[in-house]
Structures are given as C-alpha cells and as structure tokens.
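Please keep the sequence and the model side by side while reading.

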Amino acid sequence: ELRSFGNLRKRLAGVLLDASRIAGLQGGQADLLDITQQNLADIIGASRERVATVLTEWREAGIIKTHRGGVRIMRRDDLVKLL
C-alpha cells in the first residue's frame, strides 16, 4: 500500500505543481487552483477516495489547504521534494 500511495503522491504533486505553473502563466494566483478532487483523480488515473486520502495528509501537514472545488498550495517546496 505504501508503494502505491508513494507513486500516487508523486503524480499528484506533479499535477498540482503543473497546474500552479499554468495558472501563474495565465495571470492567476499560482498557489490557488480551481480543481476538484475528482478532476485530480481523473488526471492521474486514481480514485477520488485515494486522492482525498493524500490531500487530507497534506492538509494536516500544512502543505496545502483545500476548499470546495479547489486547492491552495501553502508549501510548494514540500511538493517539489516529492518529485
């Protein structure tokens, strides 16, 4: 289980960082992403429940904040370390 979640964490971190970069290039707030857990799950090929588990871990660790329909990156460096 740890191995499969490790790969999931890496893919999820990559998607969040890519979305952040694109948001910044488009003139938006790079740390505030309008993306749902289901969208993230679809992009990385995982279940929404597994994505929610990882996002909850990251939220509790202060790496991100979540809100309805979105994610705010609080500690970008921690996501970069997962890649």
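## Arg48 and Glu49

This is a predicted model. Start with arginine 48. Its relative accessibility is 33%, so arginine 48 counts as partly exposed. Its salt-bridge partner is glutamate 49, with N and O 3.8 Å apart. Glutamate 49 has a relative accessibility of 49% and is also partly exposed. The cut-off for exposed is over 50%, so glutamate 49 stays in the partly exposed class.

## Arg72 and Asp31

The model has 5 salt bridges in total. One of them joins arginine 72 to aspartate 31, and the closest N and O atoms are 3.0 Å apart. Arginine 72 sits in strand β3, residues 70-73. Aspartate 31 sits in the loop between α1 (2-25) and β1 (32-33). The two are 41 residues apart in sequence, so the pair ties together separate parts of the chain.

## A salt-bridge network

Aspartate 78 and arginine 75 form another salt bridge, at 2.6 Å from N to O. Arg75, Asp78 and Lys81 belong to one network, joined by salt bridges that share partners. Arginine 75 is partly exposed, with 38% relative accessibility.

## The sheet

How many strands make up the sheet, and in what order? There are 3, arranged β1-β3-β2 in an open sheet with antiparallel pairing. Strands β1 and β2 (64-67) are the edges, each pairing on one side only.

Strands β2 and β3 run antiparallel and are joined by 4 bridges. Histidine 67 has glycine 70 of β3 as its bridge partner. Strand β3 also carries arginine 72, the partner of aspartate 31 described above.

## Leucine 40

Leucine 40 lies in helix α2, residues 37-44. Its relative accessibility is 0%, so leucine 40 counts as buried. The cut-off for buried is under 20%.

Which residues does leucine 40 touch, leaving out those up to four places away in sequence? They are Leu12, Val15, Leu16, Ile35, Val51, Leu55 and Val71.

Arginine 72 gives a reference point for leucine 40. The two are 32 residues apart in sequence, and their C-alpha atoms are 14 Å apart in space.

Methods: Residues numbered from 1 in each chain as written. Predicted model: local features only at pLDDT ≥ 70, side-chain atom pairs only at ≥ 80, totals over all residues. Heavy atoms only, no water. Salt bridge = Lys/Arg side-chain N within 4 Å of Asp/Glu carboxyl O. Buried < 20%, exposed > 50% of the residue type's maximum accessible area, 1.4 Å probe, protein only. Pairing = 2+ DSSP bridges. Contact = heavy atoms within 4.5 Å.
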